[in-house]
Amino acid sequence: MTSIRRIQAVFMKDYRDLLKNAYMLSTAIVPLFFAFMLNQEGEIETTAAFLPIILSMVIVGSFIQAGVIAEEKEKNTLRGLLLSPLNTTEIFIGKSLLSTVLSIMMIVAVIFIGNISMPDQTLLAAAATLISLAVFISLGTIVGLVSRTVMETSVIGIPVLFIFGMGEIIQTMIESELVIDVMGYLPDQQYGQLLLNLREGQAVGEPFFVLSMWVVVSVGLTILIYKKRRFD
Amino acid sequence: MMSEIIEVSNVRKDFDGKRALDDLSFSIQAGETFGFLGPSGSGKTTTIKLLTAQEGYQSGSVQVFGNAVEALKDPKQMKRIGVLTDNTGLYERLTVDANLKLYCNLYGLSYSRIAEVLHEVGLTGEESKVVSKLSKGMKQRVTLARTILHKPELLFLDEPTSALDPVSTERIHCILRTLNEEGTTVFLTTHDMYEAERICDRVAFLNKGKIQLQGPPRTLRVNHSDSSILLLLKDGREQLVGQNPEGAERIREVIASQQLASVHSNEPTLGDIFARVTGKELF
């Protein structure tokens with residue numbers, strides 16, 4: 001049975017640990033600078049307007065998550081947790097909670113600092129943000145699980161997260177229509193499109209559906225990799 | 001009457017086609033301290049991983065608390081064991097107190113248990129220290145404190161005193177003896193024959209994944225003794241005499257000549273026996 005107390009224990013430990021981790025803390029505030037720079041650009045009418053939010057998900061949701069998981073493996077602390085009464089679900093939720101809370105705080109902060117014009121449909125926008133965040137946290141967990149050290153999360157994670165989180169920028173460097181079309185289905189692109197559609201009063205069914213599929217695939221893949229590699 | 005808490009029968013474990021454990025069979029009774037002796041790579045850590053359901057195996061059976069070892073994946077069963085791995089596994093940036101609080105919360109224990117367990121391992125007053133600032137011996141004691149925090153019935157220790165100084169080693173031995181006296185069953189791996197002899201009720205010699213010999217250390221030593229007696233003379237010389245009329249006559253002569261400093265049994269150490277049985281040194 002899943003225990004809230006045990007999940008909370010993992011969260012509190014991660015929180016205390018993060019406060020003493022200068023590398024992670026300095027990484028976490030990077031999106032704030034992007035938001036500040038974007039604010040200087042004035043009103044943006046494309047999905048690029050939401051880039052600081054996506055960067056918050058990539059940097060805080062994915063990178064910090066990957067670092068937290070990889071460090072547990074690198075320092076052999078994950079084994080201690082696995083040999084305690086914690087079950088798989090509690091470890092998953094507990095280890096993702098800090099990145100989730102921190103990402104949400106960072107997203108709120110970049111919206112204000114970047115003066116990002118969000119859609120009026122707050123609930124739908126929040127739901128889309130949470131769904132996208134789930135995808136990025138799962139991607140971070142996968143990178144953390146396949147990396148043996150925190151350093152490796154950068155080596156493995158940067159190319160992966162560059163593709164999954166910075167499609168907006170990559171698309172400007174590619175000429176192939178096919179590749180651009182395929183990249184349009186990446187989670188960051190779908191999230192940006194969804195928020196833009198909401199803001200402009202257009203239909204959001206398709207991006208919601210694609211994002212939901214990303215959640216299913218990424219969470220499924222995370223569970224699969226976790227079962228295979230948790231003790232490595 | 002003591003009951004068997006661990007029963008391993010004919011276990012085979014392969015890693016990528018390479019045999020790690022071969023026809024492994026042994027049992028441990030409740031309240032025993034059982035030592036697994038063997039050089040690095042002999043399969044000691046793999047055995048602990050098997051006994052704590054961290055690894056599977058190809059054939060044979062492993063029972064812990066009378067159930068198949070897989071039952072340990074149930075959190076209720078997991079609470080009955082404590083595992084000290086070959087790495088401290090402590091959160092280095094956090095304090096001793098924060099490390100132990102995490103496990104108090106995971107096991108549903110009161111924080112008052114922290115003071116108790118720190119007293120048990122001789123670390124009272126060290127709770128506010130950051131783990132990274134502790135000595136290796138102190139870190140190992142914090143790890144042991146974490147391992148025994150929930151008062152497990154069965155303790156698995158993977159080389160608990162490896163690379164520790166003699167004082168820290170002695171402290172750990174004292175703690176283990178006390179825990180054992182209180183009824184905790186201890187399974188430990190070591191390549192330190194002195195450690196095995198001091199704290200184990202029974203030992204097994206493991207070499208290339210196979211148990212070569214097992215029994216109480218004292219029995220093993222007596223059984224492998226050649227019954228000779230070592231005489232240490234006052235001039236520093238040593239003389240080995242047999243337990244026979246010639247040997248008795250020689251001892252009488254030495255005593256009469258007032259040359260005798262001391263008389264010793266010539267029993268082999270566990271290390272000597274291991275070398276004889278396997279043709280290898282423990283290190």
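## Second largest cavity

The residues that line the second largest cavity divide into 6 nonpolar, 3 polar and 1 charged, where Ala, Val, Leu, Ile, Met, Phe, Trp, Tyr, Cys and Pro count as nonpolar, Asp, Glu, Lys and Arg as charged, and the others, Gly among them, as polar. This is a predicted model, in which local features need pLDDT of at least 70 and side-chain atom pairs count only at pLDDT 80 or more, while totals for chains, interfaces and linings use all residues. Residues are numbered from 1 along each chain as its sequence is written, chains are lettered from A and ligands numbered from 1 in the order in which they are written, and side-chain values use heavy atoms, with hydrogens and water left out.

About 70 Å³ of space lies in this cavity, a cavity being a set of points, on a 1 Å grid over the protein atoms alone, where a 1.4 Å probe fits but cannot get out, with lining residues having an atom within 4 Å of a point. The volume is the space filled by probe spheres set on the points, which are joined across faces, edges and corners. The lining includes Gln65(A), Phe92(A), Lys95(A) and Tyr226(A). Helices H4 (51-74), H6 (88-113) and H7 (122-146) of chain A each supply at least two lining residues, and H6(A) has the largest share, 4 residues; helices (H or I, at least four residues) and strands (E, at least two) are DSSP runs numbered from the N terminus.

## Largest cavity

The whole structure holds 4 cavities of 30 Å³ or more, and the largest cavity has a volume of about 90 Å³. Its lining takes in Gly80(A) and Leu83(A) together with Ile81(B), Gly82(B), Val83(B), Tyr103(B), Tyr107(B), Arg146(B), Thr147(B) and His150(B).

In chain B, strand E6 (81-84), helix H3 (96-107) and H5 are the elements that give two or more residues to this lining, with E6(B) contributing the largest share, 3 residues. By class, the lining comprises 5 nonpolar, 4 polar and 1 charged residues.

## Largest pocket

The largest pocket has a volume of about 430 Å³, a pocket being an open set of points with protein on both sides within 12 Å along at least five of seven lines. Of the 24 residues that line this pocket, Thr85(B), Asp86(B), Asn87(B), Asp158(B) and Glu159(B) are the closest to its centre.

Helix H1 (44-51) and helix H5 (136-148) of chain B each supply at least two residues of the pocket lining, and H1(B) gives the most, with 4 residues. The lining of the largest pocket divides into 5 nonpolar, 11 polar and 8 charged residues.
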